[in-house]
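I opened my notebook beside the viewer today. Here is what I looked up, in the order I went.

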Amino acid sequence: MQDAAYHRLMTETAKPVSIAAATVILARAGPEGVPEYLLVQRGENLAFAGGALVFPGGRVDAGDIHIARNAALGSGFDGLDDIDAAARVTCAREALEETGVLLTEGLHPDEAALAAARAALASGPDEAEAIGFAAMLGAMGHKVDAARFIPFARWEPPAAVAIVRRFDTRFYLADAGRSASAAITPDGFEAKALRWTTAAQAIADYDAGRAAMVFPTWCNMHRLAQYQSLDSLFQAVSALPAPYVQPAFETIDGEPWLTIPEGIDYPVTRDRVNNLRRE
């Protein structure tokens, strides 16, 4: 990618600069058919959202776009802009590194080789992760299929608030039931623990103080809780354009609230500022 394209990838919006990131919402059918989602409990010592439950994801690497544009490593990326294309690769890369879930297409890999490749991803410098992921895909004969990642939403922090780490995050929905690897374990650094949970249970745990979630995760859980089957979930999300969500602070009855727009498939659109989880 040329320098100008990389700059555009990392700073799509003008004001203030946000870091491009991608998150994957991995869904499977639970015992009663109700969707369950794979959540990562972040390490307590991490600077961003330490200890909180989040979906797997991370920063978009400048090298992710090279995977998307390489026909030997990716498919279905034609027609996608660079940021969308790179972000879908980020989802596959981060899901493998953080959880062991392999969201790529190809023959079932040797588990020992896959574990070694995952360890190499985690041990290398952050800026080299995409290079290592590309090498792994080539060695396994696997590809990232863009169609596997369905745009769910794009979240960006309030423009007027001074936030140390501003992430412009694209969320994608993916069916975890087609994962090529069943070896799901936390990486022990970014992911301290993993849990499969329904959206309703995650919300109940948050309300009872048993789990921490940042505002976007909390809102997304309420959106997901509307759907009681994988079919209804995937049909609804596929039929809607992924909403752009930038929360705003409002004063309601003398109290400060954080709100998001109405009418974009989010049934809960505000929370008191005093309730919010900080970085």
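**Ground rules.** I am working with a predicted model, where local features need pLDDT of at least 70, side-chain atom pairs count only at pLDDT 80 or more, and totals for chains, interfaces and linings use all residues. Residues are numbered from 1 along each chain as its sequence is written, and side-chain values use heavy atoms, with hydrogens and water left out.

**Overview.** I found eight helices and 13 strands in the protein; these are DSSP runs numbered from the N terminus, helices being H or I of at least four residues and strands E of at least two. I noted that 51% of the 279 residues count as buried, meaning under 20% relative accessible area with a 1.4 Å probe, protein chains only. Among contacts with a separation of 6 or more, 70% come from residues 24 or more positions apart; contact means heavy atoms within 4.5 Å.

**Helix pair.** How do helix 4 and helix 5 lie against each other? I see that the axes of helix 4 (residues 111–123) and helix 5 (residues 129–140) come within 9 Å and cross at roughly 165°. The axes are lines fitted to C-alpha atoms, for helices over the stretch in contact, with angles from 0 to 180 degrees between N-to-C directions. The two helices are therefore roughly antiparallel to each other, the label for angles over 145 degrees. On the helix 4 side, Leu 114, Ala 117 and Leu 121 make the contact, and they meet Glu 129, Gly 132, Phe 133, Met 136 and Met 140 of helix 5. I sorted these contact residues into six nonpolar, one polar and one charged; Ala, Val, Leu, Ile, Met, Phe, Trp, Tyr, Cys and Pro count as nonpolar, Asp, Glu, Lys and Arg as charged, and the others, Gly among them, as polar.

Next I traced an open sheet of three strands, in the order 11-12-13 with antiparallel pairing. Strand 11 and strand 13 (270–272) are at the edges with a single partner strand each, so one side of each has no neighbour in the sheet. Ignoring direction, neighbouring strands here are turned by 35° against each other on average. Strand 11 (residues 248–252) and strand 12 (residues 255–259) pair over five bridges; pairing takes at least two DSSP bridges. Three bridges join strand 12 to strand 13, and Leu 258 has Asp 271 of strand 13 as its bridge partner.

Methods:
Angles under 35 degrees count as roughly parallel, over 145 as roughly antiparallel, 65 to 115 as roughly perpendicular and the rest as oblique. Buried means under 20% relative accessible area, exposed over 50%, partly exposed in between (1.4 Å probe, protein chains only).
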